[in-house]
Amino acid sequence: NNLIMKITQNNINDLQAELVVVITPEDYQEKVDKELKNYRKNAEIPGFRKGKVPMSVINKKYRVSVLVDQVNKLLQEDLYKYISSEKVKVLGSPMPKDSQQVDWENTSTFTFEFEIGLSPDLDVKITKKDKVMYYQIQADKKLIDNYADDIAKRYGAMSKPEISEEGDLVFCEIVQIDVDGNVMENGVRNEATVSMDFISDKKIKKQFIGVTEGDSFIVNVMKAFSNHTDLSSMLNITHDQLHDLSSEDFQFTVKNVSRIKPSEMNLELFEKVYGKDSVKTEKEFKAKIKDEAERSFVPESDRMLKNDVVTYLIDKIKFDIPDEFLKRWLVHTSEKKVTFEQIESEYDMYSKSLRWQLIENNILENYNVKVSTEEVENHTKSLITLQMQQYGQPVPQEDKMNEIVASILKKEDERKKIYDQLYDVKSLEVYKENFKLTEKPISYDDFVKLASEK
């Protein structure tokens, strides 16, 4: 294999190697000549008829740039072929060694040197000695009652009272004001419904009680609303803009008040929510809510399990990676200009995520986790079906469905996203089967607290 003869690998240590690539005229000459002949066909040079320019003129004008182009193409191809045929476990991509000056004019055989990082050998086995906690989130009475109240409101009757009471919805014009209390000229402004239930500050909530159309008052929005996602959509700005506000004071002018009278907890409501004959009493209604809520919490428990597994395995499995090489490689390949110091400061996080990638890839290999094209297609079909049902649209017929699937999977990032989702599901099964899981019941509030502490 003439390719292998052209590339020599010298291992510096277990984690680093050099690749030396030699490219000779017989590798590129034919391609360069062919390209230059094409140039000759189409070149328009003053003093010569099209297609009749002497080769010497074409060579002088274009040869070096065509040569550089062809040699670089060959270089990339050869490196890629070598790495895949020799199964070199590369970390980062090959990085040209510094200070290689190429004399394109007078050289015919070119030698290029690259550095590569090598991946360490791992063999990850999970046994029942490996213990992690699995949190089973339970819906307590408070949560179930809140959900039930929300449902009763959703199916309730709406009225438009003159004056607001606690719990009403107040539709306001909202404008940003400056320190002197004047409306800011290019400030943020929007019209939105304010739900009193979402105001976290008791004193501010009182400002919205007992108001009527035309009333206006000033509110510090960051103090009033602790949920910043809701707040940014209320002001119709992005999350980043919210944190860059020059003033947090806004004038709220009431345009109207709405009141929802919650539906009674009766058979009529239960049938509206769950269909005929499925739920008869309030007790059954709440049992159904509890069951649905707890099922909807499973993905959160799984996410926490995954995080705990990552932390546990990164901690347990000790191995070296070529840190110095990777830091230089990150500086070299970064799209934005970064300094070695910047990379140093973020390297710890990068190294952690790289270690996890190596551990997880090894687990997928050891436990024979694979995702087939068919599984990817079926998963995509189920996502499309779900989306159509959400929008109340008919699910496409088989031919049409296959067309939609093909067009989605043509996009590389979409395809990768779906592969990753399936690998996530399958790797989670491996963790659940092989770790010793201690199941621990926990309320949703305690779970949220625990998640934020981690």
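Colleague: Where does Ser-258 lie?

Modeller: Ser-258 is in strand E10, residues 249-261; strands (E, at least two residues) and helices (H or I, at least four) are DSSP runs, numbered from the N terminus. Bear in mind that this is a predicted model, where local features need pLDDT of at least 70, side-chain atom pairs count only at pLDDT 80 or more, and totals for chains, interfaces and linings use all residues. Residues are numbered from 1 along each chain as its sequence is written, and side-chain values use heavy atoms, with hydrogens and water left out.

Colleague: What makes the link between Ser-258 and Lys-160 a polar contact?

Modeller: The side chains of Ser-258 and Lys-160 are joined at 3.0 Å. A polar contact is a pair of N or O atoms within 3.5 Å; within protein, one must be able to donate a hydrogen and the other to accept it, and residues adjacent in sequence count only if both atoms are side-chain atoms. Leaving aside neighbours within four places in sequence, Ser-258 is in contact (heavy atoms within 4.5 Å) with residues including Met-158, Pro-161 and Asp-168.

Colleague: Which residues of helix H11 are buried, and what covers them?

Modeller: In H11 (residues 323-333), the buried ones are Phe-325, Leu-326, Lys-327, Trp-329 and Leu-330. Their cover includes strands E2 (16-23), E3 (90-96) and E4 (110-118), plus helix H12 (340-366).

Colleague: How do you know how H10 is oriented to H15?

Modeller: The axes of H10 (residues 282-316) and H15 (residues 412-434) come within 11 Å and cross at roughly 70°. That makes H10 roughly perpendicular to H15. Axes are lines fitted to C-alpha atoms, for helices over the stretch in contact, and angles run from 0 to 180 degrees between N-to-C directions. Under 35 degrees is roughly parallel, over 145 roughly antiparallel, 65 to 115 roughly perpendicular, and the rest oblique.

Colleague: Which residues meet there?

Modeller: Asp-302, Leu-305, Lys-306 and Val-309 in H10 meet Asp-424, Leu-428, Tyr-431 and Lys-432 in H15. By class, that gives four nonpolar, no polar and four charged residues. Here Ala, Val, Leu, Ile, Met, Phe, Trp, Tyr, Cys and Pro count as nonpolar, Asp, Glu, Lys and Arg as charged, and the others, Gly among them, as polar.

Colleague: What makes Lys-142 and Asp-445 a salt bridge?

Modeller: Their closest N and O atoms are 3.1 Å apart, and a salt bridge is a side-chain nitrogen of Lys or Arg within 4 Å of a carboxyl oxygen of Asp or Glu. The pair links distant parts of the chain, with Lys-142 in helix H4 (residues 141-154) and Asp-445 in helix H16 (residues 444-453), 303 residues apart. Lys-142, at 54%, counts as exposed, while Asp-445, at 42%, is partly exposed.

Colleague: How many salt bridges does the structure hold?

Modeller: It holds 33. One of them joins Lys-290 and Glu-294, with closest N and O atoms 2.9 Å apart. Both residues lie in H10, four residues apart, about one turn of the helix.

Conventions: Buried means under 20% relative accessible area, exposed over 50%, partly exposed in between (1.4 Å probe, protein chains only).
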